Amino acid sequence: MIIALYYRNTDSQGLVCVYAFLFPAIGSCVLGGFLPVLFKRSTLDNTGAALLYAAVCIAFSILGTIPFQIILECSFVDGFFEAMSGFTTTGITVLAGLDEMPRCILFWRVLTQWMTKNA
């Protein structure tokens, strides 16, 4: 959101970029607030840990899809693929015209790959 605010006057989308990142931020805060209430802490075996990792990857990718859908007006499948490829660090893209995209989306693409690689 900081990058979107910084480049709001130079990018073609303006404040749309800010709102595109505000909605997933609110959604992840709400989700993060309710999950500890719904589930108690326990130790996980290997199967439970693998299932938890898969669920987290899917949840992050769904939340990461929202900026692609709002800013680029792409389909859910294209946005989900883009977010999933970022979070899994495959780097494959289905989007064309990367040079003309708003800087906030380009930064989001790089950030998804960097977060996962350095986690």
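Colleague: Is Cys17 buried or exposed?

Modeller: Quick heads-up: this is a predicted model, where local features need pLDDT of at least 70, side-chain atom pairs count only at pLDDT 80 or more, and totals for chains, interfaces and linings use all residues. Residues are numbered from 1 along each chain as its sequence is written, and side-chain values use heavy atoms, leaving out hydrogens and water. Buried means under 20% relative accessible area, exposed over 50% and partly exposed in between, with a 1.4 Å probe and protein chains only. Cys17 has a relative accessible area of 1%, so Cys17 is buried.

Colleague: And how many disulfides does a search of the whole structure find?

Modeller: A disulfide is a pair of cysteine sulfur atoms within 2.5 Å. Take Cys29, which is exposed at 59% relative accessible area: its closest cysteine sulfur, in Cys104, is 19 Å away, so that is too far for a bond. Across the whole structure, the number of disulfides found is zero.

Colleague: How far apart are the end C-alpha atoms of H3?

Modeller: Helices (H or I, at least four residues) and strands (E, at least two) are DSSP runs, numbered from the N terminus. The expected span is 1.5 Å times one less than the number of residues. H3 has 27 residues and should span 39 Å, which agrees with its end C-alpha atoms being apart by 39 Å.
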